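Here are my notes for your next look at this model.

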Amino acid sequence: MATAEQALAELTELSTQVHAATIFDQDGKVAASTLVGGRGDWLAASAKALLDAAETVRGEGETAVVQLEAAMPEGSVFVVREGVRVVAAVTDREPTAGLVFYDLKRCLQSVSAEKPKRKRTAAKTGTSGRPR
């Protein structure tokens, strides 16, 4: 069970092809990024736009897009979605796509194993003042 920051640190340490990465939720809110300043937010927004565009192309009733690669001469952007979490990564040119997708899926799985924090609420009490 890793935090988003730990998962990204492990990803960039183990995957030499990944130069930068950002984990965010389905609304684009960044949980962690290897980029500084607003660059993590920019990568999340760009990756979310890629996913949204891919969803539009797929059409109604189709299975949700869970991974994609945008390849350019300078390098690639990979996006992997699992549940409500998404990871986007930037690589060099001509990466080993299968390996990058595998590493990104493992990164998200390590974060997804983390239990969501629950708010503690006071026990409901009846008229006797005892918990029900």
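1. A definition to begin with: the expected span of a helix is 1.5 Å times one less than its number of residues. Helices (H or I, at least four residues) and strands (E, at least two) are DSSP runs, numbered from the N terminus. With that in hand, helix H3 (residues 97-112) has 16 residues, and its C-alpha atoms span 22 Å from first to last, close to the expected 22 Å.

2. Some ground rules. This is a predicted model, in which local features need pLDDT of at least 70 and side-chain atom pairs count only at pLDDT 80 or more, while totals for chains, interfaces and linings use all residues. Residues are numbered from 1 along each chain as its sequence is written, and side-chain values use heavy atoms, with hydrogens and water left out.

3. Back to H3. Its buried residues (under 20% relative accessible area; exposed is over 50%, partly exposed in between; 1.4 Å probe, protein chains only) are Val100, Phe101, Asp103, Leu104, Cys107, Leu108 and Val111. Seen down the axis, they fall within an arc of 165° (taken from the directions from the helix axis to the C-beta atoms), so they line one face of H3. Their cover includes helix H1 (4-14), strand S1 (18-25), S3, S4 and S5.

4. H1 buries Ala4, Ala7, Leu8 and Leu11. These fall within an arc of 95° and therefore line one face of H1. Glu13 and Leu14, on the other side of H1, are exposed.

5. Now the strands, which pair if DSSP finds at least two bridges between them. S3 (residues 67-72) and S4 run antiparallel, joined by 6 bridges, with Ala71 partnered by Ser76 and a hairpin of 2 residues as the link. S4 also runs antiparallel to S5 (residues 85-91), through 7 bridges; here Val80 partners Val87. In the hairpin between S4 and S5, Gly83 takes a positive phi near 65°.

6. Why is S4 largely enclosed by the rest of the structure? Because 6 of the 8 residues of S4 (residues 75-82) are buried.

7. Finally, the nonpolar cores: sets of buried Ala, Val, Leu, Ile, Met, Phe, Trp, Tyr and Cys residues joined through side-chain atoms within 4.5 Å. In the largest, of 19 residues, Leu8, Leu11, Ile23, Val87 and Leu104 touch the most other members. H1, S1, S4, S5 and H3 each give two or more residues to this core, and H3 gives the largest share, 6 residues. A second, separate core of 13 residues includes Leu35, Leu43, Ala47 and Val77.

Note on methods:
Contact = heavy atoms within 4.5 Å.
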